[in-house]
Amino acid sequence: INAEYMGKITVRGNDEREYAYLAKGGEDLRLDQRIEHLFETFNGIFQADAKCAQRNLNLRTYQVIPVSLECGILEWVSGTSPIKSVISANVGGSSVLNDLNNTYGQFYEAFFPKNGVFQVNGFKDENKLEAEFRKYESMIPSNGLQMGITKMASTPESYIV
């Protein structure tokens, strides 16, 4: 898996079943793996608590397999949507999010150059950049994720706001 690769792969197990995974390059997945282990610990706590067990509370976890510092494999979870697509459906498409991301990238690079040292005067026109960022920020409703999740819920009861 190289740094630019990202795609779905299917593996046939010795039980003759097919298992889907996402091969992801260019990212260190060790933190993701630790978070999933933390969620599994939470599930153990939920099952040990009578009220949580009665309500069958649990967190859906998935396997994360870091292969190196820059790539790894994630268990494919069917029927899910990336957060970006959920939010972009409520802001008129991903172009607004992409523009905002680019503006933020310019802002970040201006103040935190590659050497990682904070430089207040690193950007020639901070006011213009901030105004551009605020313009795009105002296009995204503060409850965009909540609206997207609510739309995806099959009934109002299945998602508590």
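**Entry 1**

I looked up Phe42 and found it in helix α1; helices (H or I, at least four residues) and strands (E, at least two) are DSSP runs, numbered from the N terminus. I note that this is a predicted model, in which local features need pLDDT of at least 70, side-chain atom pairs count only at pLDDT 80 or more, and totals for chains, interfaces and linings use all residues. Residues are numbered from 1 along each chain as its sequence is written, and side-chain values use heavy atoms, with hydrogens and water left out.

I then checked the accessibility of Phe42, which is partly exposed at a relative accessible area of 32%. For this term, buried means under 20% relative accessible area, exposed means over 50%, and partly exposed lies in between (1.4 Å probe, protein chains only). From C-alpha to C-alpha, Phe42 lies 7.8 Å from Asn58, while 16 residues separate the two in sequence.

**Entry 2: a nonpolar patch**

I asked which residues make the nonpolar surface patch of about 320 Å². The patch consists of Leu38, Phe42, Ile45 and Leu59. Patches are made of residues with over 30% relative accessible area and no salt bridge, like charges being joined within 9 Å and nonpolar side chains (Val, Leu, Ile, Met, Phe, Trp, Tyr) within 5 Å. Accessible areas come from the Shrake-Rupley method with a 1.4 Å probe, and for residues only the protein chains shown count as cover. I located Leu38 in helix α1, which spans residues 30-48. Leu38 counts as partly exposed, because its relative accessibility is 40%.

**Entry 3: salt bridges**

I counted 5 salt bridges, each being a side-chain nitrogen of Lys or Arg within 4 Å of a carboxyl oxygen of Asp or Glu. Side chains of opposite charge can pair when their charged atoms come close.

I recorded a salt bridge between Arg12 and Glu16 at 3.9 Å, N to O; both of these residues are exposed. Arg12 also forms a salt bridge with Glu18, with the closest N and O atoms 2.9 Å apart. Glu18 is exposed, as is Arg12.

I next examined Lys24, in strand β2 (residues 18-25). Its salt bridge with Glu27 has the closest N and O atoms 3.2 Å apart. Salt bridges that share partners join Arg12, Glu16 and Glu18 into one network.

Is Lys24 buried or exposed? Lys24 is buried, because its relative accessible area is 17%. Glu27, at a relative accessible area of 30%, is partly exposed. The side chains of Lys24 and Glu27 also make a polar contact at 3.2 Å. A polar contact is a pair of N or O atoms within 3.5 Å; within protein, one must be able to donate a hydrogen and the other to accept it, and residues adjacent in sequence count only if both atoms are side-chain atoms.

**Entry 4: cysteines**

I searched the whole structure for disulfides (cysteine sulfur atoms paired within 2.5 Å) and found 0. Cys52 is buried at 17% relative accessibility, and Cys71 is buried at 7%.

**Entry 5: the chain as a whole**

I counted 6 helices and 4 strands in the chain, arranged along the sequence as β-β-α-α-β-β-α-α-α-α. Of the 161 residues in the chain, 19% are buried. Among contacts (heavy atoms within 4.5 Å) between residues at least 6 apart in sequence, 46% join residues at least 24 apart. The chain exposes about 11,800 Å², of which carbon and sulfur atoms supply 54%.
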